[in-house]
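I opened the notebook to go through one chain. The entries below follow the order in which I looked things up.

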Amino acid sequence: MHLHEKTIESKVVYEGPIFTITHDIAELEDGKTAVRDVLHHNGGVCVIPVTDNNEIYLVRQFRYPFSCVTREVPAGKREKDEDPAQCGRRELLEETGCTCAEYIFLGETLPVPAYNSEIIYMYLAKGLTLVQQKLDEGEFLDVEKIPLTEAVQLVMDGRIRDGKTQIAILKAARILGI
């Protein structure tokens, strides 16, 4: 079959609390085989909270693999079989202390489809009410509020590097006509 690969063999080589890695052998459309190492992940959710004044909340947190602080929209990983919308509402409350009256699905993104099964579900939250932040144990972050127009410029200037955040900001700006 054209543009299809069939898994012939799959072996778990790592199983951890966040993801599993398999070493697979796949049959290609020409009958030859190829090695496919796959990172299996339950997926995640990101939420771009937008105020009535078209400001957004971003979080700043240390990202170990890059040894730096990043600016990101609130986000988190899904538990196995967790509803993405519920996961997003939970992460919005945990990280920013906000709930929302309006919750708009922005679509899905595949961060690294060549070797990672993760799907990130994206939402826009409006009608925000600030309650109380509920960070997970061992989670440390700062919340900042900036105009959406400024966030778009930060994306375009390369100062926001996180992919899901770039997409969420640009989609929100487009939807809101900014």
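I sorted the lining of the largest pocket by class and got 16 nonpolar, nine polar and 16 charged residues. Here Ala, Val, Leu, Ile, Met, Phe, Trp, Tyr, Cys and Pro count as nonpolar, Asp, Glu, Lys and Arg as charged, and the others, Gly among them, as polar. The model is predicted, so local features need pLDDT of at least 70 and side-chain atom pairs pLDDT 80 or more, while totals for chains, interfaces and linings use all residues. Residues are numbered from 1 along each chain as its sequence is written, and side-chain values use heavy atoms, with hydrogens and water left out.

I looked up the volume of the largest pocket, which is about 1500 Å³. Its lining has 41 residues, and Gln61, Arg63, Glu72, Asp162 and Lys164 are the closest to the centre. A pocket is an open set of points on a 1 Å grid over the protein atoms alone, where a 1.4 Å probe fits, with protein on both sides within 12 Å along at least five of seven lines; lining residues have an atom within 4 Å of a point. Points are joined across faces, edges and corners, and the volume is the space filled by probe spheres set on them.

At least two residues each come from several elements, including strand S5 (55-63), strand S6 (68-72) and helix H3 (163-175). Helices (H or I, at least four residues) and strands (E, at least two) are DSSP runs, numbered from the N terminus.

The C-alpha atoms fill a box of roughly 55 × 35 × 30 Å along the principal axes.

Next I turned to Glu29, in the loop between strand S2 (19-27) and strand S3 (33-41). Glu29 counts as partly exposed because its relative accessibility is 46%; buried means under 20%, exposed over 50%, and partly exposed in between (1.4 Å probe, protein chains only). Leaving out residues up to four places away in sequence, Glu29 touches Met1, His2, Leu3 and His4, with contact meaning heavy atoms within 4.5 Å.
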